[in-house]
Structure formats: C-alpha cells, structure tokens
Amino acid sequence: MSAVDVWLVDLAVSADQLDLCAQVLDRSERERGNRFLRLEDRARFVASHAALRLILAEARACSPSEIRLTANAAGKPNLAAPAGSAQAFNLSHSGTRALIGLGDSADIGVDIELIRPIPDAVRIARTHFAPDEAASLAKLPPMLSSRPSSACGPGRRRL
C-alpha cells in the first residue's frame with residue numbers, strides 16, 4: 001500500500017503573499033492564471049498552484065522552478081521533472097480552500113467542495129435521486145435539506 005499525504009491550503013492570501021506565489025509559478029501557469037476574468041479566481045489559481053509546486057519541490061528535494069508538469073490525454077497533470085521515482089499528486093480547490101494529495105506512486109484523487117445551500121434541493125432530488133432518498137431528504141429540517149450532498153452522504157457528492 002502506498003502512503004498518501006494531504007494538505008489543506010488556505011487560499012485567502014494577501015496581495016503581497018499573492019505576488020510571492022506568482023513568482024513560484026512557471027510562465028505557462030502565470031499565463032493560465034491571467035486568463036481568469038475574476039480577480040478572486042485568478043488569486044485562488046495562483047495560490048493553489050504555488051502551494052502544489054512548493055509541496056512537490058519539498059517532496060523531490062529540489063527547487064520549485066525545477067518542477068516540470070505535463071498533462072495526460074484527459075488533461076490531468078503529471079510530474080515530468082525532476083526525474084526519479086513516480087510521484088502521484090492531485091489538486092482540488094473550492095472557495096478559499098484547496099486540498100493537495102501526494103502519494104508514492106499510485107494515481108490518487110482528492111476532492112474538496114464548498115457546501116452551498118440549494119433552496120430547491122428537494123425538488124431536484126425528486127427528479128434525480130431514488131424515491132427513498134428524495135423522501136428522506138424531504139423529511140429533514142430546511143437547514144439540512146438545502147444541503148443535499150451533506151445530508152445524503154458521500155455517495156451523492158459526485159452527481
């Protein structure tokens with residue numbers, strides 16, 4: 001079994017911290033970050049990708065500038081350099097938080113989702129969930145029924 005380490009990253013950074021984060025990125029990442037229209041989306045991208053580079057660099061005992069990333073056919077990034085043993089990683093971000101997973105060799109996936117209220121959750125559930133799941137959701141207090149992913153458990157989080 002491979003070991004997996006996970007980091008929870010706060011993406012709410014100051015302007016000075018964001019400037020430092022941007023210096024860690026390579027040119028293509030900075031260009032990609034600059035394509036975001038909303039400033040908060042740009043800042044979250046820069047901060048999360050800088051954190052990923054710093055974590056990978058520490059794990060590989062190298063400088064963040066030595067980290068080279070490529071993408072597979074599905075677009076998932078892979079570590080291309082520095083050479084050495086395989087290093088699996090994954091990055092997910094939502095709101096002001098990111099989750100970074102780093103493993104020895106096997107492909108890994110991490111996911112983080114900001115929980116947002118869904119006012120018409122019961123109506124949506126009646127259309128997309130099994131009848132017993134929709135009925136269970138409808139019985140919950142309004143505060144919980146407006147958050148179906150947390151009320152229905154992890155099996156329904158990837159709808």
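The model on the screen is predicted.

**The whole chain**

Start with a cartoon view of the protein chain. Its secondary structure comes to seven helices and five strands. Read from the N terminus, the order of the elements is β-α-α-α-β-β-β-β-α-α-α-α. Of the chain's 159 residues, 31% count as buried.

**The second largest pocket**

Next, select Glu29, Arg32, His49, Leu69 and Pro77. These residues lie nearest the centre of the second largest pocket, which has 19 lining residues. The space in this pocket is about 390 Å³. Colour helix H2 (27–34), H3, strand S2 (68–71) and strand S4 (88–94): each gives two or more residues to the lining of the second largest pocket.

**Helix H3**

Now select helix H3, residues 39–60. H3 has 22 residues, and the distance from its first C-alpha to its last is 31 Å. That span is close to the 32 Å expected at 1.5 Å a residue.

Within H3, pick Ala50. Is Ala50 buried or exposed? Ala50 counts as buried because its relative accessibility is 1%, below the 20% cut-off.

Move on to Ala61, which follows H3 and has its place in the loop between H3 and S2. What is the phi of Ala61? The angle is near 55 degrees, a positive value in a residue other than glycine. As background, most residues other than glycine have a negative phi. Ala61 counts as exposed, since its relative accessibility is 73% and the cut-off for exposed is over 50%.

**The nonpolar cores**

Show side chains for Val9, Leu56, Ile67, Phe89 and Ile100. In the largest nonpolar core, which has 21 residues, these touch the most other members. Helix H1 (15–24), helix H3 (39–60) and strand S5 (97–103) each supply at least two residues of this core. Which element gives the most? H3 does, with nine residues.

Another core, of five residues, lies apart from the largest one; among its members are Val122, Ala125, Phe129 and Leu137. In general, nonpolar side chains tend to be buried together in soluble globular proteins.

Select Cys21 and then Cys62. Cys21 is buried because its relative accessible area is 16%, and Cys62 is buried because its relative accessible area is 18%. Both values fall under the 20% cut-off. How many disulfides does a search of the whole structure find? The search finds zero.

**Two serines**

Go to Ser94, found in strand S4. Ser94 has a relative accessible area of 11%, so this serine is buried. Select Leu114 as well: Ser94 and Leu114 are 20 residues apart along the chain, while 5.5 Å separates their C-alpha atoms.

The last stop is Ser105, in the loop between S5 and helix H4 (121–128). Is Ser105 buried, partly exposed or exposed? Its relative accessible area is 45%, so Ser105 is partly exposed; that class runs between the 20% and 50% cut-offs. Ser105 and Ala88 lie 17 residues apart along the chain, with 5.3 Å between their C-alpha atoms.

Conventions
Residues are numbered from 1 along each chain as its sequence is written. This is a predicted model: local features need pLDDT of at least 70, side-chain atom pairs count only at pLDDT 80 or more; totals for chains, interfaces and linings use all residues. Side-chain values use heavy atoms; hydrogens and water are left out. A nonpolar core is a set of buried Ala, Val, Leu, Ile, Met, Phe, Trp, Tyr and Cys residues joined through side-chain atoms within 4.5 Å. Buried means under 20% relative accessible area, exposed over 50%, partly exposed in between (1.4 Å probe, protein chains only). Helices (H or I, at least four residues) and strands (E, at least two) are DSSP runs, numbered from the N terminus. A disulfide is a pair of cysteine sulfur atoms within 2.5 Å. The expected span of a helix is 1.5 Å times one less than its number of residues. On a 1 Å grid over the protein atoms alone, a cavity is a set of points where a 1.4 Å probe fits but cannot get out, and a pocket is an open set with protein on both sides within 12 Å along at least five of seven lines; lining residues have an atom within 4 Å of a point. Grid points are joined across faces, edges and corners, and a volume is the space filled by probe spheres set on the points.
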